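I opened my notebook to look up a few things in a structure. Here it is.

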Amino acid sequence: MKKASLLICLFFLLLTGLRANNLTLTNISLIDQNITGHYCNIKFDISWENSWRTSTAVPLNWDACWLFAKYRVNGGPWHHCTLSATAGDHVAPLGSTIAPSSDSKGVFIYRSTDGNGTNTWTNAKLRWNYGTDNVNDDALVEVKLFAIEMIYVPQGNFNIGDGDGTNESYASFHQGAGNTSIQVSTTLLPNVRADINDFDDSQLESTGVGIDGDGGLDTDNNGSVDNDGFPTGYNAYYIMKYELSQEQYAEFLNTLTRAQQINRVESDITGTTVANYYVMRNSNTPIMNFIRCNLTIAASPEAVNFYCDYNNNGVVETCDAQYLACGFLNWPDGAAYADWAGLRFMSELEYEKAARGPNNAVYGEYAWGNTNLATSPVSLSDYGCPNSGITLNPDVNTGRALYNDTYISWPHRCGIFAATSVNHTRQEAGAGYYGVMELSGNVSEPAVTIGNVAGRSYRAYHGNGELTSNGYADVDYWPGINGNASTITANTVFGGSTGVAEAAGACERGGSASASSYLRTSDRFETNAMNYMIERNPGFGQRFVRNAP
């Protein structure tokens, strides 16, 4: 295998713990080619700050990075690398564990023992079985390595709904006709309902459904699980610590073909000039989403280069909004990214567990576990920069979130409240039980509902790293697969033509720049947004999960 200049894709400055974590991938190379076995190693160094692992104190979990790689041959299209599913084939630096996925789409790397602080691991190796990808031994290849910070949510019981103390959040889950929150466990919980509203179907509102934590959904509430693949939240999973950033989405776009890119942006990029070069907003005005291309681009089929440009000067600079949460992403956009990265959508049950953990529910609580919510607007320094912070923080020891009472500029940098909190508490950081940031506010959280037939047909299948030729996800049973736009029609296996082009079964949780009540952990008002989730709305963000190996 002849090795071209290896491309290094740094997944920028992420944030972890309660401060910025400076995640970096460096010194990436292809080594140790084995022609007999048709494999080689992707060697790299990885570092991030404020990492942790704890087995003796809450939240009894750890942070990790999901690593996956893309390759191309002779400058052709990018494809997903098949990494070995055998842990012993990879080389984990001292103090780390590498846990590969069974589908060979990537690996998790995390601390092997309890501790906290900075991880600095050198000479890590991932075995790429390039023969499985039909790459010849003497091919001229380029490889990109990606890392996304995630948090482990352990297996266990948890509560959904937040009543009655006294009453419940809008359309909150409860059992029967009561208002009391309920626990998801390994015992089948029947008759889970929500009050009559404008978006759930009569099954959830009147008859109810059953939830078996480690078994799945009883979709018709007859006492027998009939969708054993639905992710109820009981089993362990990993969740992205932050909402998808604008740089992450731009890097995704830059691995697609021109035909795929056309459907993953809003502006018309079919010709050689782009009338509106801020491509997610279809505008030339840099507001809220700063992903752009040049005014003049190469003719199709050459791919377009995208980049973040906050100050509209056509030059990539440090403070060009790379770290802001990415809005203007519709459901098909998110599905495409999740499929490309080997991830999946979370269910609305998994959303509540990520926020609340194993704690009892509190009526009206936000993701940080109580009803204390800051109401003072925040002033920011260095908006668009990696060190952007809050310069006015009068609401000390109060839960922080970006919503319609507190924002001046929107969206914020991912994890901004954690990085600039005074006392570094969960409240001030706006963190969920396990350390997940911005589950309340900033941009919304896409999820799969149990409020209609389409949502209840979802199965926890991961993306395979590849999209259709025109840039759509093609994963079986995902909301909107085969262009399904009907909530009364179950999503099925991919039919080989239309991928996730609609959003039947999709919902939002966690609010965005909207009323404070929408930010509540158990509030389901925005689950009525399915019909709008094929539009690119500024408040629509993305965050994904993956089943734990």
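**Ground rules.** I'm working with a predicted model, where local features need pLDDT of at least 70, side-chain atom pairs count only at pLDDT 80 or more, and totals for chains, interfaces and linings use all residues. Residues are numbered from 1 along each chain as its sequence is written, and side-chain values use heavy atoms, with hydrogens and water left out.

**Whole protein.** I looked up the extent first: the C-alpha trace spans about 65 × 50 × 50 Å along its principal axes. Next I checked how much is buried (under 20% relative accessible area, with a 1.4 Å probe and protein chains only). Buried residues make up 60% of the 549. I also looked at contacts (heavy atoms within 4.5 Å). Of those with a separation of 6 or more, 68% are between residues 24 or more positions apart.

**His174.** Is His174 buried or exposed? I found a relative accessible area of 1%, so His174 is buried. I then looked for polar contacts (N or O atoms within 3.5 Å; within protein, one must be able to donate a hydrogen and the other to accept it, and residues adjacent in sequence count only if both atoms are side-chain atoms). The side chain of His174 has one with the side chain of Glu168 at 3.1 Å, and it also reaches the backbone oxygen of Gly176 at 3.4 Å. Beyond its neighbours within four places in sequence, His174 touches residues including Asn179, Ile182 and Asp195.

Technical notes:
Buried means under 20% relative accessible area, exposed over 50%, partly exposed in between (1.4 Å probe, protein chains only).
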